[in-house]
Amino acid sequence: MDGAINNGNWLERLTDALPKGRVLTSPEDRAAYAYDGTWGEAWPDAVVLAHSTGDVVTVLRIADEESVPVVPRGAASGLSGGSVPEQGGIALSLTPMRKIIEISPEDLVAVVQPGVVNLDLQKAAEPYGLFFPPDPASLDVSTIGGNIAENAGGPRCLKYGVTSDYVLGLEVVIPGGEILRLGGRSIKNVTGYDLVHLFVGSEGTLGVITEAILKLLPKPPARATVSAFFDDLDVAAETVVKVVTSGILPLTTELLDRVSIGVVEDFLHLGLPRDAEAMLLIAVNGELESVRRQASEVAGVCRRQGATGVDLADTPEEEERLWKARRSVSPALGRLRPHKLGEDIAVPRSKVPEMVRRVQEISEKWGLVIPVYGHIGDGNLHPTLACDRRDPKEMERVLGAAEDIFKAAIDLGGTLSGEHGIGMLKRDYMPLALPENVIARMKAIKQVFDPHGIMNPGKVFPE
Ligand SMILES: Cc1cc2nc3c(=O)[nH]c(=O)nc-3n(C[C@H](O)[C@H](O)[C@H](O)COP(=O)(O)OP(=O)(O)OC[C@H]3O[C@@H](n4cnc5c(N)ncnc54)[C@H](O)[C@@H]3O)c2cc1C
């Protein structure tokens, strides 16, 4: 889809104010910044490659004066349409700002620019024996700015929490070009309102993150994984509860439902039991001795719960074999249908079996294949609707099923998104999840930072 170049003189002002080569307007460049990890697509009128906080200040000053939309952008791996420039304007790429400014083993912090890729931070922390716990599955491409703006999670969330738990301080630029320095590098900080965490998860709708102070942790030396199959979903969920209440806090607890197991088996022929109702993958980490003890205890709990095919892996190669099934659900679905709509609901842990059953009913009701997999320990599930988006009739069913899934999650005390954010894909469902007065307060907060509505307009809030 093409977008007309805005007629105002903002583009000329931008080009004059920024160093040469920062502003791109060729159709090829605009097309390359039109998408994210969803199937949303809209061309920006111009792309700006930010190399410094100063560049961002210039963009937000001119854009605010000229009322031009600004859509901050990291690696565009987002799964809710957040960095799609739906209303045109400026796609502001932060990826050139990829300096790791400091790693401090004394303070256990890293100071980074927003375009640093999560995996590059992990690699930089490694020689100090440290790591950054948030580990979205996209960690080899997604940026710290994007992780913060979406409050990204990952498999390690059960033990370590989400991105917001690791953000101590931020530098942000708000519309008009003002720079705010929020928080700092101390672990404790209760001086005034917690504006740092207002920006975490704000999906680029309040301002642009230009620097972050992040908390690091010492990296445990060992880990192991147990896999097990269950012929009853409730028993699988109970097993996770039994593990957690036995005094072991696993690093990761992942679930694949029967449909996911079948889809992976069709794809890889690993010999997975197609009649199993659930597969669990439970990883533990820590000191070597404690990991061995915890892993064998987890395997014991699984066996006592009646699991079959219980397997324990404590070398990276063996673990890789077990995790292959989990990692293959998404690619395996690609063989069934050309497209997929991946949902990201979260429910209380105790409601996971009921949620999976409801998705199975929804899949029958709409005649769609909907595998459910995800992070059973924190209740964040990814029912994924395989589809062909070129078929309008099928898409009607897909959207109907997606709405039913949201309603079921909310009915069970859960929510629309555990980690991917609202963006444009889920904004129309916000009134299902949040009361009107809460949405109104959120809009009022946006108004304070962004009175002219230039920051990622149209995202998060229902039309
Ligand atoms: C294969 C795959 C696996 C994934 N797995 C996970 C997962 O396990 N957990 C998870 O949470 N997510 C996951 N995601 C989703 C996605 O990777 C995350 O949301 C990630 O945090 C987005 O980072 P990004 O750099 O790609 O940001 P983008 O997609 O470019 O942007 C995301 C949002 O952040 C805003 N933004 C970006 N940078 C800034 C900035 N500097 N200042 C202000 N706003 C900004 C954008 O405007 C947009 O609204 C996955 C995606 C894929 C494709």
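The second largest pocket has a lining of 26 residues, and G201, E203, I422, M442 and V460 lie nearest its centre. The model is a predicted one.

**Second largest pocket**

- The volume of the second largest pocket is about 570 Å³.
- Three helices each give at least two residues to its lining: helix 7 (195-199), helix 14 (430-433) and helix 15 (436-449).
- Helix 15 provides the largest share of that lining, with three residues.
- By class, the lining of the second largest pocket holds 12 nonpolar, 10 polar and four charged residues.

**Largest cavity**

- The count of cavities of 30 Å³ or more comes to one.
- The largest cavity has a volume of about 30 Å³.
- Its lining is made up of P69, V71, V84, P85, E86, Q87, G88, N456, P457 and K459.
- Five of these lining residues are nonpolar, three are polar and two are charged.

**Helix 1 with helix 3**

- Two packed helices are described by the angle between their axes and the distance between the axes.
- For helix 1 (residues 10-17) and helix 3 (residues 53-66), the packing angle is about 160° and the axes are 10 Å apart.
- Angles over 145 degrees count as roughly antiparallel, so helix 1 and helix 3 are roughly antiparallel to each other.
- Helix 1 and helix 3 cross in a right-handed sense.
- Helix 1 brings W10, R13, L14 and A17 to the contact, while helix 3 brings T58, V59, R61, I62, E65 and E66.
- The contact of helix 1 with helix 3 comprises five nonpolar residues, one polar residue and four charged residues.

**Helix 8 with helix 10**

- Helix 8 (residues 233-245) and helix 10 (residues 288-304) have axes that come within 10 Å and cross at roughly 140°.
- The crossing of helix 8 and helix 10 is right-handed.
- T239, K242 and V243 of helix 8 make the contact with V298, V301 and C302 of helix 10.
- In the contact of helix 8 with helix 10, four residues are nonpolar, one is polar and one is charged.

**Helix 8 with helix 12**

- Helix 8 also packs with helix 12 (residues 352-366), at an angle of about 150° and with the axes 9 Å apart.
- That angle makes helix 8 roughly antiparallel to helix 12.
- The crossing of helix 8 and helix 12 is right-handed.
- On the helix 8 side, L233, D234 and A237 take part, and they meet P353, V356 and R357 in helix 12.
- The contact of helix 8 with helix 12 has four nonpolar residues, no polar residues and two charged residues.

**Points to check on the display**

- For helix 8, view T239, K242 and V243 in the contact with helix 10, then L233, D234 and A237 in the contact with helix 12.

Terms used: Residues numbered from 1 in each chain as written. Predicted model: local features only at pLDDT ≥ 70, side-chain atom pairs only at ≥ 80, totals over all residues. Heavy atoms only, no water. 1 Å grid on protein atoms, 1.4 Å probe; cavity = no way out; pocket = protein on both sides within 12 Å on 5 of 7 lines; lining within 4 Å. Points joined across faces, edges and corners; volume = space filled by probe spheres on them. Helix = DSSP H or I, 4+ residues; strand = E, 2+ residues; numbered from the N terminus. Nonpolar A, V, L, I, M, F, W, Y, C, P; charged D, E, K, R; others polar. Axes fitted to C-alpha atoms, helices over the stretch in contact; angles between N-to-C directions. Parallel < 35°, antiparallel > 145°, perpendicular 65-115°, else oblique. Left-handed = near helix turned anticlockwise from the far one by under 90°. Contact = heavy atoms within 4.5 Å.
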